[in-house]
Amino acid sequence: MQRLGWLLVALFCTLKYTQFAHALPLEPAKLASELKLNSKIIRVRLSDLGSSLQIKGNGLAASLAMKPELGNVQADEWEVDCKHSKITQPTTGKSRIIPRSGILIEALSGILSINGHHFREQVVLYPKELLSPYDSSIRTNSQCLVVNHLPVEKYLESVVNGEFNSKWAEPAVEAQIIAARTYAVYQMKEMRKDRGRVFDVESNQKDQMYLGLDVADSKGSELVARTKGIILTDPHSHTKNCPIKAFYSASCGGGTFLPGQIWGGKFAGFKKVKCPYCADAPSFNWNYTLSFHEIEKRIVRGLSNDANVRKSWPKAYLNNPSQWMLSNVRVTSDAERASNIIFDFKDGETFKVISITSNAYQVRNWLDATQLKSTRFTMELKGRSVVFHGKGSGHGVGLCQWGAKKMGEKGFTRDQILTHYYPGFKISKIL
Ligand SMILES: [Zn+2]
């Protein structure tokens, strides 16, 4: 019975595979249907799309990403059930499981939509399991792993308005495009060292906000074209035109930080600079209050989603978090910045106290990075609540976006803005 079952499964899979792989007539000259992967094409993981996808476009060709020679199936619509990694052609009802090597979907027109959002060129669908080495939270949600492949310069046309605003002073926008291009090129180089990885950047705040074609405009495209191929490089590197990891954030709160202060590790060549330009930023001064009870809940949630940090927390706490009551919160600072947050927990029965020190940047993400806007904060205890008083928004490393905007309005040039926030680095043309 067992053996017959397997045989049936194998036969069923083969049938589905054959139906899918056999091509409808097509004109190869018009449709590449082949994965383009080179140094000009960036692979962007489209995050936060939801657990089911509707992919639409004129004559969307779906093929096995690694076997384009088997041909493709064309349809104007495809549906994807992310939880079960299944793709279906709704008009015929035919479906198949997405293989680990991916399904490539390409539009004849060059544009396709996913759940109503428009994207250029190609998307590749992978089963979500491929993400687990890079994102431990993936096991607990049903998101698809969808990767948009498109030329870096086209990607930047969308990043302009995802990260900043093409209508801002031109020198500021150009400086930010150069920072965004540098960051993208750096990530492409670094991420491709891991051959199992199928994307270079994420489309959200983890890397750069990329919202596809819906936010691209002609002004942004014009400024991307004007800065074509220009990046920031490290003049001390042995490699020619070595891109730096050009971090940037919304507003630094009065001065920038070193990457090592935020994430640890070594990033040679970065310097801290004063920034008298971002005081008009919308989140320059902020306050945020959290009760001890709420902090306890968010710590438990943060730990459950973060296997790496969990390793550094004491077993006594992890074995039974509900046994421990938060009794105090303290902060250690390093040049106007919170570096660590220390939580004192008291055992409800024995009154034993344990103190756990956690990186402030990490804790900020657990507690809600949209409210606890930066790590440039001080803390005040009010009963069983903590009031955070802060300045700036984001990690504060590299270019300060609101500061750059102001510099542009004051008449600084693009290169002066870049040299201010990335002193010691070189502005180079790589194309
Ligand atoms: Zn600033």
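Visitor: Which residue stands opposite A75 of β3?

Guide: This is a predicted model. In it, strand β2 (residues 52–64) pairs with strand β3 (residues 73–81) in the antiparallel sense, over eight bridges. The residue opposite A75 in β3 is L60.

Visitor: In the hairpin of β3 and β4, which residue in the turn has a positive phi?

Guide: Strand β4 (residues 86–89) runs antiparallel to β3 and is joined to it by three bridges. V80 stands opposite I87 in β4. Four residues lie between the two strands of this hairpin, and the one in the turn with a positive phi, about 50 degrees, is S85.

Visitor: Are helices α3 and α4 roughly parallel or roughly perpendicular?

Guide: Two packed helices are described by the angle and the distance between their axes. The axes of α3 (residues 170–191) and α4 (residues 218–226) come within 9 Å and cross at roughly 65 degrees. Angles of 65 to 115 degrees count as roughly perpendicular. Therefore α3 is, relative to α4, roughly perpendicular.

Visitor: How many charged residues are in the contact of α3 with α4?

Guide: The crossing of these two helices is right-handed. On α3 the contact is made by E170, V173, E174 and I177, and on α4 by L223, V224 and R226. By class, four of the contact residues are nonpolar and none is polar, while the number of charged ones is three.

Visitor: What is the bridge partner of K346 in β15?

Guide: Strand β14 (residues 337–347) and β15 run antiparallel and are joined by seven bridges. In β15, the residue bridged to K346 is V353.

Visitor: How many of the 431 residues, in percent, count as buried?

Guide: The chain has eleven helices and 19 strands. Among contacts with a separation of 6 or more, 68% are between residues 24 or more positions apart. Of the 431 residues, the share that counts as buried is 40%.

Notes: Residues numbered from 1 in each chain as written. Predicted model: local features only at pLDDT ≥ 70, side-chain atom pairs only at ≥ 80, totals over all residues. Axes fitted to C-alpha atoms, helices over the stretch in contact; angles between N-to-C directions. Parallel < 35°, antiparallel > 145°, perpendicular 65-115°, else oblique. Left-handed = near helix turned anticlockwise from the far one by under 90°. Contact = placed C-beta atoms within 7 Å. Nonpolar A, V, L, I, M, F, W, Y, C, P; charged D, E, K, R; others polar. Pairing = 2+ DSSP bridges. Buried ≥ 20, exposed ≤ 12 C-beta atoms within 10 Å, placed from the backbone.
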